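Reader: I have a few questions on this structure. Can we go through it together?

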Amino acid sequence: MKGIVRTVLPFALIAALVIAVICLPRENTGSAREKTIVEIWNVDTFEGGKGSRTAFLNKIARKFGEEDVYFYVTSYTVEGARAAFSRGTYPDVLSYGLGLGEIAERCLVLPYAFAGGSIGGKCLAVPWCAGKYMYFSLSDDFDEEGKTAISHGGSNLPSVAAKLSGVKGEEILSENAYVGFLNGEYRYLFGTQRDENRFRARNVTVFCKEVTEYNDLFQYISILSKDKKEICLKFLDNLLSETTRGSLGEIGMYPSDAVKWDKTLSVFTSDEGLHELTGAAQSEKEIKFLEKYLKSR
């Protein structure tokens, strides 16, 4: 009996040692690196064309597929983004339009150039897609007398676009303007790419003139993270590539360089500035009053 104990015990000790060695925490040799998480927020401050800009960004991020990097794309409202900012919470990359001017102080300098996203000669934001202001009619006669509905659907300033292009009308909510135009309540519709896509979806034939005097329908993108700037710049390069630009029709939007415009507005214009501009455009003030805010192409 004693012999059996002496024989079994060494084997038991060896087995225990083997298990202990297997279970010991191993030193990280670099073969299994942690993923870098890049957080991208999309804030829609004006109406798009169709579909979701957030979903589009998510698709581009998935295709980008940088090794050891995970892109987390999520939607925020203007109010939600501002609430997060007030708590000191910011994304690594922000996609946005007019209405979040306070973000300028967090934006890093980008190796691009665009008038509406620059301060002091430094580019802090660049548009990755754009919309258009358009003047619609149900006939090809744009000289006939009649009321005009000016469509309004976000932080953009259609009243400024209308004034600079010499159009007078009644500014009303986007959906009401569209329905009123189709129902004959208005002879013309001063709208955007949103209406263009609505007409296409309903197979409605309309005549259209693109407004080129002014445009603020740009969806900008900025980098806010210093630590992740390098990988964020790679993502921006991919987002602004010819391949991605060619697929913007999926969401009813345009590449920014495919849109004609003479004047735009800084995406960092304050809320007070936006209100002042809107009031001036809706009044009888001269256009010169608006020009102090405007940026040339």
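Reader: What does Glu210 form a salt bridge with?

Author: Glu210 pairs with Lys132, and the closest N and O atoms are 3.5 Å apart. A salt bridge here is a side-chain nitrogen of Lys or Arg within 4 Å of a carboxyl oxygen of Asp or Glu. This is a predicted model: local features need pLDDT of at least 70, side-chain atom pairs count only at pLDDT 80 or more, and totals for chains, interfaces and linings use all residues. Residues are numbered from 1 along each chain as its sequence is written, and side-chain values use heavy atoms, with hydrogens and water left out.

Reader: Which parts does the pair of Glu210 and Lys132 tie together?

Author: Glu210 lies in strand 11 (residues 207-210) and Lys132 in the loop between strand 6 (126-130) and strand 7 (133-137), so the pair ties together parts that are 78 residues apart in sequence. Helices (H or I, at least four residues) and strands (E, at least two) are DSSP runs, numbered from the N terminus.

Reader: Lys132, buried or exposed?

Author: Lys132 counts as buried, at 11% relative accessibility. Glu210 is partly exposed, at 31%. Buried means under 20% relative accessible area, exposed over 50%, and partly exposed in between (1.4 Å probe, protein chains only).

Reader: How many salt bridges in the whole structure?

Author: A search of the whole structure finds 14. One of them joins Arg198 and Asp195, with the closest N and O atoms 3.1 Å apart. Both residues lie in helix 6 (residues 193-201), three residues apart, or about one turn of the helix. Arg198 and Asp195 are both buried.

Reader: Which residues are joined with them into one network?

Author: Salt bridges that share partners link Glu47, Glu175, Arg194, Asp195 and Arg198 into one network.

Reader: And Asp257, what does it form a salt bridge with?

Author: Asp257 pairs with Arg245, the closest N and O atoms being 2.6 Å apart. Arg245 is in helix 8 (242-245) and Asp257 in the loop between helix 8 and strand 13 (263-265), so the pair ties together parts that are 12 residues apart in sequence.

Reader: Switching to helix 9. Which of its residues are buried?

Author: In helix 9, Gly273, Leu274, Leu277, Ala280 and Ala281 are buried. They cover an arc of only 130° around the axis, which puts them on the same side of helix 9. The arc is that of the directions from the helix axis to the C-beta atoms.

Reader: Which exposed residues sit on the face turned away?

Author: Glu272 and His275 are the exposed residues on the face of helix 9 turned away from its buried side.

Reader: What covers the buried residues?

Author: The cover includes helix 4 (158-164), strand 13 and helix 10 (288-291). Leu290 is in helix 10. Leu290 touches Val160, Lys163, Leu164, Leu277, Ala280 and Ala281, not counting residues up to four places away in sequence. Contact means heavy atoms within 4.5 Å. Leu290 is buried, with a relative accessible area of 1%.

Reader: How far apart in space are Leu290 and Glu276?

Author: Leu290 and Glu276 are 9.2 Å apart, C-alpha to C-alpha, and 14 residues apart in sequence.

Reader: Now the backbone. What phi does Asn203 have?

Author: Asn203 has a positive phi of about 55°, although it is not a glycine. Most residues other than glycine have a negative phi. Asn203 is found in the loop between helix 6 and strand 11. At 69% relative accessibility, Asn203 counts as exposed.

Reader: Last one. How many helices and strands in the chain?

Author: The chain has 10 helices and 14 strands. Buried residues make up 47% of its 297 residues.
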